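Welcome! Take a moment to look over the sequence and the 3D view, and then let us walk through some of the details together.

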Amino acid sequence: MNKKDIGLLILIVVVGAVVATINPRFLLPINLANTSNLIGLFGILSIGQAFVIITGGIELSVGSLIALLGVLFIDLIANHGMPWPLAFMLILVLGGIIGLAHGWLITRLKLQPFVVTLCGLLIYRGIARFYTADGTAGFAFGQNFPTLEFLTAGRTYGIPNSFIALLIIMGVTWVVLHRSVFGRYLYAIGKNEEAARYSGIRTGRMVMAAYVICGVLTALSAIYFAMYTRSISPASHGNFYELYAIAAAVLGGFSLRGGEGSIVGVILGTILLQELQNLVNLLGIPSSLNFAVMGGVILIGVLVDQQWDVFRAKRRLNRATHSAPSI
């Protein structure tokens, strides 16, 4: 853990202690389990977003993708009788293909990530609403899938399986990002894409791979969210989830300019966001202020990140000045 992660962990503990002092219900097992479940759901999504942000990109369509892929998953297993393992894999592949398409448009046609993913946000939401005729996709009465429900919405020794899945994904992606050549290439691209290209890195392929990873993890979280809610209204399902993911990454130390951040940080950012959401609920703060709280958190995170970079630059300059030999 770096200094940013340690600072964020301390902030999480302090906020948790304050909330528990004000409202002891915060420490009830049922509340901790529900919060852990939400951390798992949003954490998977946020890790995918982090892979894109580290390259200097952005993925704004994940909320709409969660709606579209969730609708398709429920429809396949509930209405078309497709075995859920096959539908599960099909949705993951579809998420990867969409991520690949985004990466291709960005790297080959040189479109801005903001433009590509903003268009995706509108397109996927529209397709989801058209597919269901603006209705609600859900399971019929008495329809259940015990194994699937246990893996996605069940608990093991009281721990939500979504949280366990997040820990597994966290371990795998930590190795990929921090202990592999691929991860070093992503950091290099985020720092200076042109320099990375001149050093022999195939930047286009690396960026496309980052969007594919984001697409697959978004598809996985879409399945988890679908089984968590058990019904999807495409007009509202997944709204602003991209902001949760971006906020978690920014709080976790990922610079929107690219080239910085850690997997541990994005998980801590997700925990802090859900802790703040829990605080809003337990303290009786109107839920209409949820997005105001999230917007304030994003703004503070960006300001802290910017000021931290300025502080480090000044400290390096001071060190270089003091260590320079006098003439």
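This is a predicted model: local features need pLDDT of at least 70, side-chain atom pairs count only at pLDDT 80 or more; totals for chains, interfaces and linings use all residues.

## Segments from the UniProt record

Over residues 157–177 the chain is 81% helix and 10% strand, with the end C-alpha atoms 30 Å apart. Helices (H or I, at least four residues) and strands (E, at least two) are DSSP runs, numbered from the N terminus. Residues 207–227 are 100% helix and 0% strand, and here the end C-alpha atoms lie 31 Å apart. Both segments come from the UniProt record, an unreviewed entry that gives the feature "transmembrane region" at 36–53, 60–78, 84–106, 113–131, 157–177, 207–227 and 239–256. UniProt positions are given in the numbering used here, feature names are shortened, and annotations may be inferred rather than shown by experiment.

Residues are numbered from 1 along each chain as its sequence is written, and side-chain values use heavy atoms, leaving out hydrogens and water.

## A helix with a bend

Now find helix 2, which covers residues 29–53. Its 25 residues reach 34 Å from the first C-alpha to the last, close to the 36 Å expected at 1.5 Å a residue (the expected span is 1.5 Å times one less than the number of residues). At glycine 43, helix 2 bends by about 25°, taken as the angle between axes fitted to the seven residues ending there and the seven starting there.

## Salt bridges

How many salt bridges does a search of the whole structure find? There are four, where a salt bridge is a side-chain nitrogen of Lys or Arg within 4 Å of a carboxyl oxygen of Asp or Glu. One of them joins arginine 230 and glutamate 149 (2.9 Å, N to O). Arginine 230 sits in the loop between helix 10 and strand 4, and glutamate 149 in helix 6, so the pair ties together parts that are 81 residues apart in sequence. Arginine 230 is partly exposed at 29% relative accessibility, and glutamate 149 is partly exposed at 21%.

Another salt bridge pairs lysine 191 with glutamate 260 (3.6 Å, N to O). This pair links distant parts of the chain, 69 residues apart: lysine 191 in helix 8 and glutamate 260 in the loop between helix 11 and helix 12. Lysine 191 is exposed, with a relative accessible area of 57%, whereas glutamate 260 is buried at 14%. Glutamate 193 and arginine 197 also meet in a salt bridge (3.6 Å, N to O). They are four residues apart in helix 9, and therefore separated by about one helical turn.

## A nonpolar patch

Which residues form a nonpolar patch on the surface? Among them are Met1, Ile6, Leu9, Leu283, Ile285 and Leu289, and the whole patch has about 940 Å² of accessible area. Patches are made of residues with over 30% relative accessible area and no salt bridge: like charges are joined within 9 Å, nonpolar side chains (Val, Leu, Ile, Met, Phe, Trp, Tyr) within 5 Å. Accessible areas come from the Shrake-Rupley method with a 1.4 Å probe, and for residues only the protein chains shown count as cover.

Isoleucine 285 is found in the loop between helix 12 and helix 13. At 32% relative accessibility, isoleucine 285 counts as partly exposed.

Methods
Buried means under 20% relative accessible area, exposed over 50%, partly exposed in between (1.4 Å probe, protein chains only).
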